[in-house]
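Hi,

Here is the structure I promised to pass on. Have a look at it first, and then read on for what turned up.

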Amino acid sequence: MAATDSDNKRHYSGEGRGGDCEVSMEKLPNHIITHVLHKLDLESLCTAACVSRTFHSAVTHLLSSLSALDLSGFSLDEESLKHVVRRVQGAKSLTIDCLQVENDFSIIDILHEHIVDLSLLKCSSLSYDILRAIGERCPNLRFFLIEFAGHVLPELFKTKLIEMLQKISLLETLSIKIRGTILDVFDLQSLELFLPKSVKNLKLQPTAEHFSIHWIDKLRGVPWFNLQSLSLVLDIISDNLFITVVNSLPLLVELDLEDRPLTEPSMQLDLTNTGLQSLEVCQHLVTLSIVRSRIYYPASFKRVDNLGMFLLSEACGGLESVKLGGFTKVTEAGFSSILHSCQKLKKFEVLNSSLLSDLAFHDMRGVARSLVELRLLSCRLLTSEAMEELSSFSNLELLDTSGCRSISDPCLSYISGLTTLRTLNLAEADITDSGLAILGRGDLPIAQLCIRGCKRVTDRGIGFLFHGERKICKTLSSLDVGQMPGISDAAIFTISSAAKALTDLCLRYCFHVTDAAMKMLVDRPNHKSCLLQRLDLYNCRSLSDDLIMLLLDKSPFRGLRWLGVGSTLLVNKRGNFSTICNERPWLVVCFDGCELGCHDGWQFHKSNGY
């Protein structure tokens, strides 16, 4: 009897001598296995396929029936991409990270006429010829997004774009971004002649204001054109542009305009209160974003003041999402009018406002409780007092106060009451170890936490944050502790031991982190190092080039997809990294200063730094 009990225990646990795991899998009904596998993401499916022959067969069958394949989290090389897509040939929706794809043919070979949704991200090496091929091979395309690295042949781009548009008559969403260039490649003065009648959502980056005005104005005379969402990145946002957009596209639901001036805009061409007032024509507007970027020049909207915000809030009371950047003449009264007038507001974001103070949040009575995301970036007058009023928003899931340097420890007492908070960004805040202790005691289910540049936080603060079995130990997946001189190996030991679900870790400019910290991450309890997907070690000067020996071992960091080693001694080990990447074709090693995943700099360098 005892032997029988032992056999049963071994059978159900999958333990014991060879074949027991396989036998237990085969005894599971197929519909149960299929039901479980349907709930897994692609990476988990690949892992499950290695468990047994039964699971391998079930995963293979499931992949062949998938209608959508999202590879945005993997920068696969051409051979690996071909291998994966071949197993999901019936997918109607494809999302591919093309950072390591070096020729057009690798993408062309996987294009088929049944594809209706196609997103090609980080196309650092693809040519504009891919557009013509997409038009020929995907005539039923309805959604298309592509990110190109900047090229020097805008005329060729226009030709290939027109060829593609003439062949995909069912297209509803078109999004094309040209990164790494200030050259206008969308100066198609007759763009309205080539856009399919079915297009409802359009995003172009970059483009010029005068060309955009020309073709948008022409749409007024096209009765069948029904654009609902427009997103443009321009050289300048003007009243003329605003008035043209609203008069030509009165049915807009979403409007996203960003400009990137090279010099100070002239007073005659700049946006004024009149431009904002013209939005009253768009009665269906739900999402509005107006941003003046400082990427090339520190300009702002100097001709828009509180009156402009009052006019906007009266004209667009149905807004659910508002993003305003660069309005340096608007005070708390102007921003407060938006909060009080838009009763369905779910997302509110203000960037680079030098006059936004705590008074904007002084009296939150009458403000909609529907707010889910709040971003207040580089608003230097804001202090912890503003957070006291914001603590009453019981549905808040995201709070970002990065660059607000007067935010200090008291704010964490108020934030700790936001029980639904999942994302918190306190970059450059004046918080201390005591503040993190308060946040830790709040026991919030935070998944993403950024405390980059909080220079008064030390190893002790990290210990306070993760003390005990708190929710954050189980929920935290992304942590940024970059640019913090008080962080050393001790903090990494705490993080590696406590953060059980951590996938993204940023340690850039942590000068006191050594090789020992990396070994701690590898030796995480319960072998959790395999969960880590992105690791940023940029400018961690205490790391030695001996660390490469740890990485050459196939066991550590098996799930790592992106590694940033710029400005460390590891940049001298490019040959070793080449070997590592050949064995792990999904891994991207960045030798530059890119943020996690190279999302901000992929257009400037080749994959793996070679």
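What percentage of the 610 residues in the protein is buried? Buried residues make up 53% of them, where buried means under 20% relative accessible area, exposed means over 50%, and partly exposed is in between (1.4 Å probe, protein chains only).

Some ground rules before the details. This is a predicted model, in which local features need pLDDT of at least 70 and side-chain atom pairs count only at pLDDT 80 or more, while totals for chains, interfaces and linings use all residues. Residues are numbered from 1 along each chain as its sequence is written, and side-chain values use heavy atoms, with hydrogens and water left out.

On confidence, the average pLDDT (the predictor's confidence in each residue, from 0 to 100) is 87, and 90% of the residues score at least 70. Contact here means heavy atoms within 4.5 Å.

Overall, the protein has 23 helices and 20 strands; these are DSSP runs numbered from the N terminus, with helices (H or I) of at least four residues and strands (E) of at least two. Among contacts between residues at least 6 apart in sequence, 76% join residues at least 24 apart.

Now for helix H6 (residues 78-86), where Ser80, Leu81 and Val85 are buried. They sit on the same side of H6, because they cover an arc of only 125 degrees around the axis (taken from the directions from the helix axis to the C-beta atoms). Glu79 and Lys82, on the other side of H6, are exposed. The cover over the buried residues of H6 includes strands E1 (68-71) and E2 (93-97) and helix H7 (104-108).

There is also a helix pair to look at. H13 (residues 306-315) and H14 (residues 332-341) pack with their axes 8 Å apart, at an angle of about 10 degrees. The axes are lines fitted to C-alpha atoms over the stretch in contact, and angles run from 0 to 180 degrees between N-to-C directions. H13 is therefore roughly parallel to H14, a label for angles under 35 degrees. From H13, Asn306, Met309, Phe310, Leu312 and Ser313 meet Ala333, Gly334, Ser337, Ile338 and Ser341 of H14.

Enjoy exploring!

Key:
Parallel < 35°, antiparallel > 145°, perpendicular 65-115°, else oblique.
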